[in-house]
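Let's take a walk through this model together, one piece at a time.

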Amino acid sequence: MEQPGCLHAGMDLYKWALKLGPVLPGHVLLDSFELARDIRLLDMQASPYDITAWGYDAVPVETAAGKAEYVRRQREFAARGESLRDSMISAVTTFEEMA
């Protein structure tokens with residue numbers, strides 16, 4: 001029920017995939033982890049922390065170009081999250097019908 005465009009809602013999909021682990025196909029868990037990892041990277045890139053030592057550039061959200069990049073990536077994450085939510089709901093529904 002969270003705002004699907006919120007980065008933290010996207011990361012929460014991994015938490016739910018872990019909790020639903022036995023019910024979900026393995027690729028859903030892996031895809032959820034990869035989404036959470038990618039979101040966390042953007043979260044760190046847009047923060048005041050310097051992560052260039054790990055090979056990542058900052059996303060300067062205080063500039064128009066940086067904000068545009070952030071929004072573009074946020075939309076991509078929301079689309080990936082929507083697909084994962086659908087997969088999770090489908091798996092849980094199938095499980096409930098079988099039970």
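**How the helices pack**

Start where helix 2 and helix 3 meet: their crossing is left-handed, meaning that the near helix is turned anticlockwise from the far one by less than a right angle (clockwise would be right-handed). The helices here are DSSP runs of H or I with at least four residues, strands are E runs of at least two, and both are numbered from the N terminus.

A quick word on ground rules. This is a predicted model, in which local features need pLDDT of at least 70 and side-chain atom pairs count only at pLDDT 80 or more, while totals for chains, interfaces and linings use all residues. Residues are numbered from 1 along each chain as its sequence is written, and side-chain values use heavy atoms, with hydrogens and water left out.

Now zoom out. The chain has three helices and zero strands, and from the N terminus on the order is α-α-α. Its C-alpha trace spans about 50 × 25 × 15 Å along the principal axes. Of the 99 residues in the chain, 27% are buried, that is, under 20% relative accessible area with a 1.4 Å probe and protein chains only (over 50% is exposed, in between is partly exposed).

Back to helix 2 and helix 3. Their axes come within 10 Å and cross at roughly 160°; such axes are lines fitted to C-alpha atoms, for helices over the stretch in contact, with angles running from 0 to 180 degrees between N-to-C directions. The two helices are therefore roughly antiparallel to each other (over 145 degrees; under 35 is roughly parallel, 65 to 115 roughly perpendicular and the rest oblique). Residues in contact have heavy atoms within 4.5 Å. On the helix 2 side the residues that meet helix 3 include Val 28, Ser 32, Leu 35 and Ile 39, and among those on the helix 3 side are Tyr 70, Phe 77, Leu 84 and Met 88. The residues of this contact divide into eight nonpolar, five polar and five charged. Here Ala, Val, Leu, Ile, Met, Phe, Trp, Tyr, Cys and Pro count as nonpolar, Asp, Glu, Lys and Arg as charged, and the others, Gly among them, as polar.

In helix 1, Leu 7, Ala 9, Gly 10, Leu 13 and Ala 17 do the meeting, and their partners in helix 3 include Tyr 70, Phe 77, Arg 85 and Met 88. The residues of this contact split into eight nonpolar, three polar and one charged.

The buried residues of helix 3 pack against helix 1 and helix 2.

Finally, click on Met 88, which sits in helix 3. Is Met 88 buried or exposed? At 6% relative accessibility, Met 88 counts as buried. Leaving aside neighbours within four places in sequence, Met 88 is in contact with Leu 13, Ala 17, Leu 24, Val 28 and Ser 32. The C-alpha atoms of Met 88 and Pro 25 are 8.9 Å apart, although 63 residues separate them along the chain.
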